[in-house]
Amino acid sequence: MIRTVRSLVPLPLFATGVLGVVLLASPGRRELALHVYLLVLAALALGRLVLELTRAHPRAAASPFDLGLAERPAAEPRLPELARLEREVTLSGTTAFDLHFRLRPVLRRIARRLLAARRGIDLDRNPAAAERVLGPEAWELVRPDREPPADRSGPGLELAVLGRVVTSLEQL
């Protein structure tokens, strides 16, 4: 308690001394000097109050709001080819147009290369052998004579069917 009182005394005592000097030096400015003195005392009291409040209630760790504003580490860049393929798969489930003109060429390229490398079958020259190896669902998508859809905005490919097609390609 005595320590707190001792820490409070010096600045107001100094301000009072300055007030006394100003009153002696310019007696005609007494009212202005008193207003400035009261303002200085109020500022000192307010500063002391803020100091005591920050000691009594220390600043908490980062709030959820602060954490939300914090800079996040940059995410690892995604492969552009993978992002494009994900878009094509998503779009192919939406419309028949996207299935035929976006995803089908990718599946044909994969099927053609896998058939040639693992089975020695050319997709375009030996379609009967390719159909036997691929199965009906995969063959329906990659066959060379597949016509574009009559209704371009018709339903695309279900994800379960696409999963079975990918499985049949993986099994080559």
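Is Arg125 buried or exposed? Arg125 counts as exposed, because its relative accessibility is 74% and the cut-off for exposed is over 50%. The structure discussed here is a predicted model.

The model contains 10 salt bridges. Arg125 takes part in one of them, with Asp122 as its partner. The closest N and O atoms of Arg125 and Asp122 are 4.0 Å apart. Asp122 counts as partly exposed, because its relative accessibility is 30%.

Another salt bridge pairs Arg164 with Glu137, with the closest N and O atoms 2.9 Å apart. This pair joins distant parts of the chain: Arg164 belongs to helix H9 (residues 159-170), Glu137 belongs to helix H8 (residues 136-142), and the two are 27 residues apart. Arg164 is partly exposed, at a relative accessible area of 42%. Glu137 is also partly exposed, at 32% relative accessibility.

## The network around Arg146

Glu140 and Arg146 form a salt bridge in which the closest N and O atoms are 3.8 Å apart. Salt bridges with shared partners connect Glu140, Arg143, Asp145 and Arg146 into one network. Glu140 has a relative accessible area of 37% and is therefore partly exposed. Arg146 has a relative accessible area of 18%, which makes this residue buried, as the limit for buried is under 20%.

Arg146 is also one of the residues in contact with His100. Leaving out neighbours within four places in sequence, His100 touches Pro105, Arg146, Glu147, Pro148 and Pro149. His100 sits in helix H6 and counts as buried, with a relative accessibility of 6%.

Pro105 is likewise part of helix H6, but counts as partly exposed at 36% relative accessibility. Between Pro105 and Asn126 there are 18 Å in space, C-alpha to C-alpha, for a separation of 21 residues in sequence.

## Helix H9

H9 has 12 residues, which at 1.5 Å a residue should span 16 Å. The end C-alpha atoms of H9 are 16 Å apart, in agreement with that expectation.

Which residues of H9 are buried? They are Val161, Leu162, Val165, Ser168 and Leu169. Viewed down the axis of H9, these buried residues fall within an arc of 120°, so they line one face of the helix. The face turned away from the buried side carries the exposed residues Leu159 and Glu170. The cover over the buried residues of H9 includes helix H5 (80-92), helix H6 (96-119), helix H7 (127-134) and H8.

## Helix H7

The buried residues in H7 are Ala129, Ala130 and Leu134. Around the axis they cover an arc of only 125°, so they are on the same side of H7. Their cover includes H6, H8 and H9.

After H7 comes Gly135, which has a positive phi, near 95°.

Helix H3 comprises residues 30-56, and Val50 is found in it. Val50 contributes to a nonpolar surface patch of about 370 Å², together with Leu46, Leu49 and Leu53. Val50 is partly exposed, with a relative accessible area of 46%.

With 54% relative accessibility, Arg30 counts as exposed. From Arg30 to Glu170 the distance is 96 Å in space, C-alpha to C-alpha, and 140 residues in sequence. Glu170 is one of the exposed residues on the face of H9 turned away from its buried side.

Terms used:
Residues numbered from 1 in each chain as written. Predicted model: local features only at pLDDT ≥ 70, side-chain atom pairs only at ≥ 80, totals over all residues. Heavy atoms only, no water. Patch = residues over 30% accessible without salt bridge, like charges linked within 9 Å, V, L, I, M, F, W, Y side chains within 5 Å. Areas by Shrake-Rupley, 256 points an atom, 1.4 Å probe, with all protein chains shown as cover. Salt bridge = Lys/Arg side-chain N within 4 Å of Asp/Glu carboxyl O. Helix = DSSP H or I, 4+ residues; strand = E, 2+ residues; numbered from the N terminus. Buried < 20%, exposed > 50% of the residue type's maximum accessible area, 1.4 Å probe, protein only. Expected span 1.5 Å × (residues − 1). Arc of directions from axis to C-beta. Contact = heavy atoms within 4.5 Å.
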